[in-house]
Amino acid sequence: KMTQQMRDLQLAQARKPPGPSSPNAAKRLYRNLSGKFRVNYTSFDEGSLVGRGEKEKLRKSYLFQSNAALFEAVELQDLDRVQELLKQYSPEELDLNTPNSEGLLPLDIAIMTNNAPIARALLQAGAKESPHFVSLESRSLHLSTLVREAEQRVNELMAQVVNEAPNTDCSEKEKQLKAWEWRFRLYKRMKAGFEHARVPDAPSSVRLSVASSSSLQVTFWEPLSVNSAVVTKYKVEWSCSPTFSPPLGEAVIDKLKDLRFTIQGLVSGTAYHVRVSAYNMKGWGPPQASVPPFAIPSNWREYDGRAPRRRGQAEALDNLLGQVKTVHQHCVCHEPCKNQPQSRKHSVSKSLKHLFHPGSKFLKTLKRGLYLTAIFYKDDNILVTHEDQIPVVEIDDTYSCLLMQDFLWFTKVSCMWDEILWLRQCVTVSQSSCSCILQTRFKMLLAISQMQGLLGIQDLGQVFFEPVKDKQGNILIVTLKEVKTNQTFESVRWVPICKLQTSRKSVSSPEEPTALDTLLISLQDKLAYHQRSSHALSPGLYLGYLKLCSAVDQIRVLVPERLPNILCHVKIRSNRNVSREEWEWLQKMASVEEPVPTEPEADTSQNPLFQELQVAIKELMTLVNIPLQEAKDFRLYSQEVLDFGDQVSFLLLLPPSDDVCTAPGQNNPYTPHSGFLTLPLQIFELGEEM
C-alpha cells in the first residue's frame, strides 16, 4: 500500500512543478505561498468571482495551501511560522488532524523529530497523533517503509542524472533529487528519534485536593526529565486501595491546555488514592502517587451540619413580593392621589411652558434642586439628547439637601426598574400622611418613569455610589449602563465622549463648577468604576480584609479600586472548597484564642492550608500597607466561609476588635497605598448582590 502511495506521489510530481530542491528552497516556497494566502479570500473584488462556487473553490485553495504550509513549517522546525498559522486559522481550516499522503500528521513529525516546542504548540491547538499507529510495531514498520522507499527514489533519480546528458529534463531531475535527498534525511531523523525514545518519566508535582463533598481535584506538571519524547496525554487513576487493586476508575486527558482533572461522583467521607501517569509514542510511563497520597471528599458545612445561609431566601422574597402585589391589586392604589391638586397649578404652568418650547423634556441647565441623569455608553460613545446634553430630568426643584437615607432607598429601587409603575401606585396610597420623605420618594419614582419614557428604556443601569453636588445647591443622582448592542433611539443619539467633553461650553467658573460640569470632567472615572464593578473574580478561595470607617450618617467599607464590588483580597488557591478537616483545624486555632501565626510551627508545617494562609496574609498585609508585625493581633473569622456562588469563597481576616471600625477623628496610622476607596456599606452590599 505504501509503495502504491509513493508511486502516486511520483506521478503527481510528474504533472506538477518540481518540489523544493532543499530545505532553504522549501522554506522560500511555503513562505511565498503563505504571503499570498495570508490575505483573507473575502477581501478580493466580488466582481472578479463568478458565483458562489468560484468563491468556494478559491477558499478551498487557500485552506489547502495553509495545510501544506503547516506541514512544511513543522518539517523545517520553524516554530514562529507554526504559531502564526495556528493563530491565523482554526484547526478545522488547517485540517490539523487529517493525515497527509504518507499517513503522517503534523504532530507525528514534531514528536518523532523530538521538537518539543512545536509539539506543545500543536497539542495546545488540539492536534492528535495519527490513528494508524496502533502499536509500536506498526509505527516502526511505517517509518522503515518511508525510509526505504525514499532511499529507493533517491537512487533512481541519481542514476538518471548520472546517465543522462545535460538538458532541461536533467535539470528538473536534479531538483527532484535534491528534494528527495532532503526528505530521505527527514525520514531517517524521524526513525532515529523513534528508536532512541523511551517511555516518559512520571508526572511531577501531583497535588490532590478536596473540591467538594463528592469530588476531588488533581493537578500535575510535565515530567521533569527532558530526555524522553514529548508527552501527548495523561492518565488519572483512583481507588480506595493504596495498591489500586481493584481500581475504581480512570480518565485519559488529551487536552493539555490545563493539567488538572476533577474526579466527580465520589462518596463523602471515603478516602480515595490517586495517581497520574504520562504517555508518549513509546507508551505509558510509571505512575506518580499524589501528595497527599489520599483525600476524603467533604465540605466545611459537614463539621456542624450547617445549611447554606441563603438557601431559599431568594424564593421566599419573590413569594413575599408576589403576595404584596396581589394585595395591592385590590386596593385603592390605582386611584389618583388626593393631595395631587395642590401641585396642579405648578404642573399646569410647566406644561404650558413646554408648549412654547418644543423638543424633548430633558433639562439643559440646573436650577438648585435634585436631578436624575442616566449615562448610557458603548465603547467610546455616549448617549446624548439632540441638544448634545447628557439626559437629565428633574426630581425636586425645592430639594437642596439629599439625605443619605433617600439616596440609599433610590439605589434599592434600581433593582426594580421594571416595577416603577407599581411602586408609584403603592407610594401614592401612603401620601395622605403628607410625609416629606414619602413626597420625595414619590417624586423620585416620577422622575424615573419620565426618564424611562423619554429614552424608551426600562433598565437605567447601576446607581453611582455617590451623587454629584455643587456649591449652587444642585445634586445629581447618576445611573450608568453599558450598551452591548448597536441600538438606535428616537430622542437621543450617540456621540464620542471626547467630542462631548470638548464641545460643551461651561457656564461656570473653574473654582465653582456646576454639577453637570463636574460630571463631564469625571465621566471617564465613573465609566471606569462601572466597568470594574461588574468584573468577577476567577474561581478560587480568597482571603479578604474587612476594614470599616464610620461617619455621622453612614458606615463605609474599604475596597480596591480595580474591583470595588469585593473586599480587599488576595487569592489563596484555585480550589474554592474548604474541607471538613481544614475547617476543624481553623476551629482549633480559633478556640485557642491565639493570634494568626505568621511563622511555621512543627505541628502545622505539613498543613497545606496553613502554608497557603501564611503566604496570603503576608501578601495581603503588603497590599494594604500594614506591617507584618501588626498582623499578629489579627484574627481569622471562624464562624463561616463566605460563599459567593459556586465558584468563589472567602475567608475573612479581621483587625483587633477595637480597630475593625475607625470612628470619626480616630487616628489610623496604617493608610493603604493608592488604589483603594471607601464605599457606603449599603452600596457595597447592593453591589455584591448584583
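Predicted model: local features only at pLDDT ≥ 70, side-chain atom pairs only at ≥ 80, totals over all residues.
**A residue in a loop**

Ile 566 belongs to the loop that joins strand E18 (555–560) to strand E19 (568–573). Its relative accessible area is 13%, and because buried means under 20%, Ile 566 counts as buried. Not counting residues up to four places away in sequence, Ile 566 touches Leu 537, Val 559, Pro 560, Phe 650 and Phe 684. One of these, Leu 537, is 29 residues away from Ile 566 along the chain, and the C-alpha atoms of the two are separated by 8.8 Å.

**A helix and its cover**

Helix H18 spans residues 580–592, which is 13 residues. From its first C-alpha to its last, H18 reaches 19 Å, close to the 18 Å expected at 1.5 Å a residue. The buried residues in H18 are Glu 582, Trp 583, Trp 585, Leu 586, Gln 587 and Met 589. The elements in the table are among those that cover them.

| Element covering H18 | Residues |
|---|---|
| Helix H19 | 608–623 |
| Strand E20 | 635–636 |
| Strand E22 | 648–654 |

Strand E19 also contributes to this cover.

**An open sheet**

Strand E18 also takes part in an open sheet of four strands, in the order E23-E17-E18-E24 and with mixed pairing. Strand E23 (661–662) and strand E24 (676–680) stand at the edges; each has a single partner strand, so one side of each lacks a neighbour in the sheet. The pairing of E18 with E24 is antiparallel and runs over five bridges. Arg 556 has Pro 680, in E24, as its bridge partner.

Notes. Residues numbered from 1 in each chain as written. Heavy atoms only, no water. Helix = DSSP H or I, 4+ residues; strand = E, 2+ residues; numbered from the N terminus. Buried < 20%, exposed > 50% of the residue type's maximum accessible area, 1.4 Å probe, protein only. Contact = heavy atoms within 4.5 Å. Expected span 1.5 Å × (residues − 1). Pairing = 2+ DSSP bridges.
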